[in-house]
Structures are given as C-alpha cells and as structure tokens.
Amino acid sequence: MNPVLGLSCDLAERETPTSLASRLAIRNNSGGAIGFCLDMGLKWNALIRGEASEIARLAELSGAHASTLQRFACRVVTGGRVRIGRETLVRGSIIRTCPRACPYCLRGSIAENGFSGAFCRADWQLVSNRTCELHHTPLLSLPSEQHANGNYDFAEVVRKHWLQITNISNTATDRAPSDLEHYLRKRLSGKRGETLIDRLSLQVVCKASETLGARVEFGPDIRFSDLSESQLHVAGGTGFKVLQGSADRVRGVLLDLKAEFAGRFAYYNRDLGIFYVWLNSHARSSRGAKALADLVREHIVENYPLEPGVKILGRRIDNPRCFSLTRSRRSLGVRREKFARLIASTTATSDDEADQPANLTLQQMEALQEKTNDMMTIVEASCTLACRYEQVVRFIRAGLLVQRKDRTAVPYLSRIEVEALIAPVRNLKTARPGPKLSPLASVYKATRASVHEIFHCFLEGRLTSARRDPTKTGIEALLLEPEEVMRCLATPSAGDPPMAHVAQQLRLDTRTIRYLEKRGELRIYTARHPYMRGRRSFVGAVELQRFQKEFITVGELSAILGIPSGPLAVKLDAKGLRPRKVPKRVRRIYRRADIEQAFNLDLQRTSRTNLE
C-alpha cells in the first residue's frame, strides 16, 4: 500500500498502532503524537482505545497493512478489559501507562533510523512478559509521564529518557526467556491448541503459572507482593511447565505439595498457598479459569476432609468424598480402639495412631462401613440365631460358621454368613407344632443328637418335612419330625468297628491310628452309635483287613508271643528286622511277611513262641 505521508515508517513486528503513530510524529517532526494526530485529522484517544476506524485511517496514512496493524491493537472493551487479537486481558495482566522496552532492541533500531525507529511491541505490555526473546535481557520499565495519554507516545518517551536507557543497556544482565513468555507471544499471534492450558484465558495462564510456580519454588508462606521481578520470572516458568502438561500432571504436583506436610491434619489452603488464594479470588469472576478451578476443586474434594455445605472455589460441596478420622469414627459409631483396628485392616497400616492416615477417602469409608456392618460378636450372633452362646460356639466348631480374626487377633463373625445360616429357616412354609412336628429342642432330646448335627442335616435338604413356627425366630422356629431326623442321622456301616476297639485290637495309641489315616491306610469317619446315639469314630472294615493282611504292630506281636514290647523290639533289631520308617512317638509297625519268614511262623495260628 502506498503511504499518503511522504515520510513514513516500516511497521515493526508485533508493533501497536499508538507506537506507529508516535514514530510517524517524530519522522515528520510534528512535536509529539498528539500534535501529529491533530494535524492529520486522527483522534489520538480513539487510537489508544483501539477503534478500528481510526486504525484503518492510520494504516492508510502510513502505508501499512490494516489487518496487520489491527492484529496487535489494544482494543478497550467493557469492564475495563482489553483485547489483543483473540485474547482478552484485564488491567492486572497488561500495563500500558508504564512503558517497557528492550534496551538492545531500541539501541539497534535507533542507531539505524533515529528516534523514529523506537517501536513498542504488543507483548512488551504484558505484565508476565519480562524478557526480550531476541537479546535475552530483562525488559526495562521507563518512567511514566505526568499525563496518562503521554505514556502512549512511546517514541517521545524513549527520546526523553535515552541517556538512562543507554546506561542500563551497558549493564543489563543476561536472562533467557521462560517457556511462559514464549507461550504468551504464541497466543498473541493467534496460535492456540486443545490442551488444558489452551482452554484458559491468557490472564489466567499468566497468574496461574506465576502463583503455582511461586508456591512450588518458594514455599507455602510466600506472598505475591513479596516476590521480585526475577522471582516472578522463575515462578512463571516453573508454573507453566506444570500447567502445560496433562491434567494428571497437575494433579501429581498438587499431591506433591500436600505430601510436604507430614501429619494427621491436612489443610488445602495451607498446602496450595498463594496459588489457592489467587484462584479462589478469580474462580467466580473469571470464566477463563473454569477448567483450572474444576480441576483444583476436584483435587481438594478427593484428598481433603470437608464439612458438608462448604464452598470450594465458588461451588457448594454437599457430598464430600474425603473424611477426617474423628468424623469417620463418629459416623460409624465405634470405639476408638475398634476404629484403629478397622483402619489397619482396611488401609494395610498398623493400628498405631501415629501410622494412621490423615483422612479417609469415600471408597475407604464405604469399605469401613461395609466391614463394620458385617462384623458381629458371638453374643450378637446368638441373638440373631435365637440360641445360646454355647450353641454358636458349637456351630463354629462344626464348621457351620467361620470365626475370623482381625490384625490384632480379635475374633468376629460375618453377619452375612450368620444371616445365610438362618435364611433357609425363614424361607420355610409355616406350621404349628403338633404330634408329628416338634421344635428343635424336643427333637434334640428325643434323638440325643447335637443341635448342630440336626441343623446340618436340615441344611443339606434331607429333612423334607421341616416347617417354620411363625411365633418364634431363629433356629427355635424350626419344626421337625423326630422319626425323619433319626433316619437321617449318620450311622456306621455294618461291620465297621469303633476306633477304640481297633486301637485295642492292634495295640496302638490314637496318635498312630491317626497317622495311618493320614497316609490313607485306614479310613476313619464319625457316625452316631446305633444304640447309644452318641457320636463315635469308626474304622472302615475293608481298610482294616487290608492293613492287617500286610502289616503287624509290635503290640500285636508282643501279645501273640507273650514278650513285652520293649525286649521284643530289641530281639527283632538283633535279628535284623527293621520296622517301617515312621515319625517320632509313633508305634513300631513291621511287615507281616518279614516276621513270618524270619521265624518260619504262621502268625494267624501261632499264639505263643519263644525267641531263643
């Protein structure tokens, strides 16, 4: 585009319209931007406000492209906000009345074009942009003018303070731009992605990066007003590295901040420090902070005990998901000692108070509630089953109930298992006691069988005539036919001798017989005596005959030969006859064929023989 003015200036990268107008004023020797605008029929205040019509007229005068000049114009919108391109900023994130610049950029441009080369980039006005991307030096803040409108006449301000700028440029320190500053320039150029940080407004990105980075770098007690420019530069870079990652990355850093404080008490405002103070004050007023506020709120709700109804970042929390130990214990209604054992069994920690977690999550609380509801003592189980304490113990010994122990060896029963034990009785058809149907207590006396044995037959479905008395509860409501119970009770098979008789016949003690059962050489089972009605242990006759056919005990041989077991064992060892290899305290057992062959005896017929 051909300029109207005879003396014009080339538009610098990311230059603002007011900066171009100020340079044109010096180029045309107009005595300042305000006077230049009056001469050219431009409205200086309209350029400051970023009105498109005035910027278009300025572009026509200078020969610059209107779209390029419009892109980095600061347009004032409602509520004291400013828009640069697609980005909206508030007063705290952009500073226009205190000019800032890179001394090296100015020195190079002025050396080439004079003071008409003193340009101002749009990104220099961002508070969080503190470093020049080209020369890696901190931006220099220039003194403000007496009248606010004079601060926008950038080239004139530079000319006034050129000596100071020159002196500072000779002593400026080297400082690399942070990732935050690179990102701000990218956003101003219109580049935006779909990550978490791209969903935040630009001023939220600036303040969130600086406050979160300050909390990470300088601790929970730092205040924003105490931070220097160099500290804010470091904090912005640190915070941006966290926020530019995924949501899980941010959650991980927040958990690390929480982990800095060891102890049983957790406070989110203490752990998050300056970051939470800032976010809490802007979460309700800034829509651009919604994604970040939702993420931090979710972290607080998940990891900190809250009271119902408390407001976190502008939202009321009616259903907390984390609970303090005191509130959890009161909610469960258990004593402190039992609560410590429950936590130890649920969270895999010791029951020492020092090792207990600071709080409980919703999942842990639900697990505790479920376990508390399921645990019951034998006394409580006796009330549910409507029987005596001793009867519950017999149910446990018979294997109908399982007694468990927590990590401190305190026994308990499962309520689910107790309810399952009594459920078949509750599902029976109702009836009244009569000549055929008798209560369980009467059947117990008539059959002389134990209650748990009768109840086991009922659970196996062998008592088809069982009914329920509607006037009673628990096992007391069970009605049975005594004759059917007698038929169902286990009786020994014909010919199977009692274990006591076998021990006397084989001259063995109980330990040795149980050893033979463990090896599968004898079969032992429990049944009810057909006459005495008491439970006895019986030995299978077939297995007993098979054992006697192959083996003989030292006791049996002692009875046949009339020699005490001790001297007889010595004589057998002297003959080179070795017994079977058995554990200690188990009686000697020999192979019958070895004994008969060694002494040329038929042990089935011989009753006495002397070993000379």
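1. Helices (H or I, at least four residues) and strands (E, at least two) are DSSP runs, numbered from the N terminus. This is a predicted model, in which local features need pLDDT of at least 70 and side-chain atom pairs count only at pLDDT 80 or more, while totals for chains, interfaces and linings use all residues. Residues are numbered from 1 along each chain as its sequence is written, and side-chain values use heavy atoms, with hydrogens and water left out.

2. Two non-glycine residues with positive phi deserve a look. Ala-386 sits in the loop between helix H19 (378–385) and helix H20 (389–397), and its phi is near 60°, a positive value in a residue other than glycine. With a relative accessible area of 15%, Ala-386 is buried, where buried means under 20% relative accessible area, exposed over 50%, and partly exposed in between (1.4 Å probe, protein chains only). Leu-313, in the loop between strand S6 (310–312) and strand S7 (315–317), likewise has a positive phi, near 50°, and Leu-313 counts as buried at 3% relative accessibility.

3. Helix H10 (residues 202–218) and helix H14 (residues 274–282) have axes that come within 7 Å and cross at roughly 155°, the axes being lines fitted to C-alpha atoms, for helices over the stretch in contact, with angles that run from 0 to 180 degrees between N-to-C directions. That crossing makes H10 roughly antiparallel to H14; angles under 35 degrees count as roughly parallel, over 145 as roughly antiparallel, 65 to 115 as roughly perpendicular and the rest as oblique. On the H10 side, Val-204, Lys-207, Ala-208, Thr-211, Leu-212, Ala-214 and Arg-215 meet Ile-274, Phe-275 and Trp-278 of H14, contact meaning heavy atoms within 4.5 Å. By class, the contact of H10 with H14 has 7 nonpolar, 1 polar and 2 charged residues (Ala, Val, Leu, Ile, Met, Phe, Trp, Tyr, Cys and Pro count as nonpolar, Asp, Glu, Lys and Arg as charged, and the others, Gly among them, as polar).

4. Phe-275 also belongs to the largest nonpolar core, which has 47 residues and in which Phe-275, Leu-279, Leu-292, Val-296, Ile-300 and Ile-312 have the most contacts. A nonpolar core is here a set of buried Ala, Val, Leu, Ile, Met, Phe, Trp, Tyr and Cys residues joined through side-chain atoms within 4.5 Å. Among the elements that give two or more residues to this core are strand S2 (82–84), helix H9 (179–188), H10, H14 and helix H15 (290–303). Leaving aside its neighbours within four places in sequence, Ile-300 is in contact with Tyr-268, Leu-272, Tyr-276, Leu-306 and Ile-312. Another core, of 34 residues, lies apart from this one and includes Met-376, Leu-400, Cys-457 and Ile-475.

5. Helix H23 (residues 451–459) is largely enclosed by the rest of the structure, because 7 of its 9 residues are buried. Those buried residues of H23 are Val-451, His-452, Glu-453, Ile-454, Phe-455, Cys-457 and Phe-458. Just after H23, Gly-461 takes a positive phi of about 80°.

6. The axes of helix H25 (residues 499–506) and helix H27 come within 13 Å and cross at roughly 10°, and H25 and H27 are therefore roughly parallel to each other. Val-502, Gln-505 and Leu-506 of H25 make the contact with Leu-544, Phe-547 and Gln-548 of H27; these residues divide into 4 nonpolar, 2 polar and no charged.

7. Glu-550 lies in helix H27 (residues 541–550) and counts as partly exposed, at 39% relative accessibility. Not counting residues up to four places away in sequence, Glu-550 touches Tyr-590, Arg-591 and Arg-592. Glu-550 and Arg-592 are 42 residues apart in sequence, with 5.6 Å between them, C-alpha to C-alpha.

8. How many disulfides are there, if a disulfide is a pair of cysteine sulfur atoms within 2.5 Å? By this rule the count is 0 disulfides. Cys-37 is in no disulfide, and the nearest cysteine sulfur, that of Cys-9, is 13 Å away. Cys-206 is in no disulfide either, the nearest cysteine sulfur being that of Cys-74, 14 Å away. Cys-37 is buried, with a relative accessible area of 1%, and Cys-206 is buried at 0%.

Definitions and conventions. Disulfide = S-S within 2.5 Å.
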